[in-house]
Amino acid sequence: MPGNELINHKELREVKKIFTESDGVLFAHGFDKRRKNIFRVRQFEKKLSNVFKSKYVQCVSSGTAAIKIALKSLGVKHGDEVITQSFNFIATIEAILDCGAKPIITGINEDLNMSSEELSKLITKKTKAVILVHMLGYSAELDKIQKVCKKKKIPLIEDNCEAMGATFRKKKLGTQSDIGIFSFDFGKTITTGEGGCLLTNNKKKYLYFKRYHDHGHKLLRNLPRGIDDADMPGFNYRMTELQAAVGLAQLSKLDYILRESKKRFIAIENRFKNKVKLRGIYKGSIPNYDTLIFKIDDKKKRSRIVKYLNSTGVGTKNLPDAIKWHFAFFWKHAVTKDQIKNTLISKKILEKYIAIPIFLRKKVETYEKVAIGLLKLI
Ligand SMILES: *Cc1c(COP(=O)(O)O)cnc(C)c1O
């Protein structure tokens, strides 16, 4: 969320450099001489690789594209099943459908993330991949999910679009599975307007990402692009130099974003202590403090609280504000009736929770005041 609030002269300076240093080459590939060998997308990938301690990073045009490329690299095709969770973002389901595969949906725990228990029950001979989504800043029960996938030899994709900077057992999310996914759209922790990336430690997978996102180029060394041909169909999911320039400035702000978000998050958490039930945290999970989520059992009280949060200008993000984009119960256009039935228990859990988004353009004191206002209603 906060990345877009911090856009300033630093992003502008990076964008200007494309014109002052590399003669306006906006394309990530080729034109070596004209651009004086300055490649901004490649620089952004290298920085991401260092920050996230992941061997390989491939930037692409969006997080949704990144999920699709990940599935393609695992050979997901018509007739296959891919498992993901009920509380989610529609992008994972769309990527599965776009590969011709069938989405299978698990329920969630009180931590609002994928249930490993349900996951193990839903795996069949047709299961080709699992997409786990760390929702709204918190790690899922990653070790348990990894164990299920390992036992059944099914690749695990970590969709970390909503939890950049959060950790599980001190290691960054998005780096502890076969493939990690980030989004840099305008609502994410850091932004490039639109954009995303794939992280992996597997060279073969990385080379597939690199080729598939760029029309299937063979990427033979030292060949000009016009001569380097293809032996597999790909697509165009390329990132531009403009996006990467903004991304470089944004990435340098990530530590600041995490630090400042934590201050606001804690301002509420401290006041809620022993008075309000917070979202469950799986042991070993440290959030990125993007959203504070709490539980209110009483329906009337809940609606008063939501009204209050909207009146303060803070709002309630995905619970319940944008719930229709984040919960499979509402996706009748994309999943079967049976799958929607599977989401009824998740619905009972989700409808009790309220989300407070953390904005950096709002002061710590604003969140203190909001917390005090909320306590009066609870
Ligand atoms: C934002 C988001 C995506 C998609 O990212 P885009 O860059 O907007 O395509 C995928 N998964 C989750 C969980 C997200 O929140």
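Predicted model: local features only at pLDDT ≥ 70, side-chain atom pairs only at ≥ 80, totals over all residues.
Strand β2, residues 81-85, pairs with β4 in the parallel sense over three bridges; two strands are said to pair if DSSP finds at least two bridges between them. Strands here are DSSP runs of E with at least two residues, helices are runs of H or I with at least four residues, and both are numbered from the N terminus.

Is β4 mostly covered or uncovered? It is mostly covered, with six of its seven residues buried. Buried means under 20% relative accessible area, exposed means over 50%, and partly exposed lies in between, with a 1.4 Å probe and protein chains only.

Residues are numbered from 1 along each chain as its sequence is written, and side-chain values use heavy atoms, with hydrogens and water left out.

Let me turn to the backbone. Leu136 lies in the loop between β4 (127-133) and α6 (142-152). Its phi is near 50 degrees, a positive value in a residue other than glycine, and Leu136 is buried, at a relative accessible area of 1%. Arg169, in the loop between β6 (167-168) and β7 (171-172), likewise is not a glycine and has a positive phi of about 50 degrees. Arg169, however, counts as exposed, at 52% relative accessibility.

Which peptide bond is cis? The bond from Leu319 to Pro320 is cis, with omega near 5 degrees. Pro320 belongs to the loop between α10 (299-312) and α11 (337-341).

Finally, the whole protein. It has 13 helices and 13 strands. Its radius of gyration is 21 Å, close to the 21 Å that the globule rule gives for 378 residues, so the protein is as compact as a globular protein of that length. The radius is taken over C-alpha atoms, and the rule is 2.2 Å times the number of residues to the power 0.38. Along the principal axes, the C-alpha atoms fill a box of roughly 65 × 50 × 35 Å. Of the 378 residues, 57% are buried.
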